[in-house]
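Have a look at it first, then read on.

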Amino acid sequence: MLASSPFNFRRAVIWIGRLVLGGIFVYAGISKIFFPNTQLWPMFVLRFSISTNLATFAEQVESYKLLSPAGVAFVAHTLPFAEILLGLLLLIGWGLRIWASLVTLLMLGFLTLVTRAYLLHMNINCGCFAIPEPLTIKTVIRDSLFALLAVLMTSFAFIEARQPPRGQPRKKSLPRISLDNKPF
């Protein structure tokens, strides 16, 4: 997709978005799975530690008061792994338009949830990373900037995919000819 075009502003935004958002997604997923219970780290309790960490994350998801208990369990047990996978796919850059679109939808969803909770004056933890982080205006601004970066990265990835490589002329369409060899 981005093979031979020169480096420009759109490409810089795409690269920055891939590195920043990909790194953040990988870190956020790993921190939700492994970081909260570092005292339970020996290998024989690793499974218990991960399940405890995911249960802690489930409590943070439940604090937003939007999902049923089954929905909370589903999100808590799938979102961290999905974040890691999407972050790695962004960093690799394969299928960028697809994964960037999914990351943009997730970031806009996160921004909506955080903004809703902030406007309702909910005194909860963000649940963004493993550390207990109270929901403040800083969280809303940070998520807004990440969502803006995701939107720009995705839209620029689609624009760059439509651009012909530098030095190659645009494809010209051939004139249409009807069955009786007369142009339409």
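## Sulfurs, rings and helices

C126 is buried, since its relative accessible area is 4% (buried means under 20% relative accessible area, exposed over 50%, partly exposed in between, using a 1.4 Å probe and protein chains only). Before going further: this is a predicted model, where local features need pLDDT of at least 70, side-chain atom pairs count only at pLDDT 80 or more, and totals for chains, interfaces and linings use all residues. Residues are numbered from 1 along each chain as its sequence is written, and side-chain values use heavy atoms, with hydrogens and water left out.

So what does C126 bond to? Its partner is C128, in a disulfide with the sulfur atoms 1.8 Å apart; the cut-off for a disulfide is a pair of cysteine sulfur atoms within 2.5 Å. C128 is buried too, at 16% relative accessibility. The structure holds one disulfide.

Now the rings. A search of the whole structure turns up three aromatic pairs. Rings of Phe, Tyr and Trp (its six-membered ring) pair if their centres lie within 6.5 Å; planes under 30 degrees apart are stacked, over 60 edge-to-face, and the rest tilted. Two of the pairs are in the table, including F9 with F156.

| Pair | Centre distance | Plane angle | Class |
|---|---|---|---|
| F9 and F156 | 5.9 Å | 70° | edge-to-face |
| Y27 and F129 | 5.5 Å | 40° | tilted |

F9 lies in helix α1 (residues 9-34) and F156 in helix α5 (residues 137-162), so this pair ties together parts 147 residues apart in sequence. Helices here are DSSP runs (H or I, at least four residues), strands are E runs of at least two, and both are numbered from the N terminus. F9 is exposed at 61% relative accessibility, whereas F156 is buried at 14%.

Y27 also sits in helix α1, while F129 is in the loop between α4 (96-119) and α5, putting the two 102 residues apart. Y27 is partly exposed at 41% relative accessibility, and F129 is buried at 15%.

As for the whole chain, there are five helices and zero strands, giving the pattern α-α-α-α-α along the sequence. Buried residues make up 39% of the 184 residues. Among contacts (heavy atoms within 4.5 Å) between residues at least 6 apart in sequence, 65% join residues at least 24 apart.
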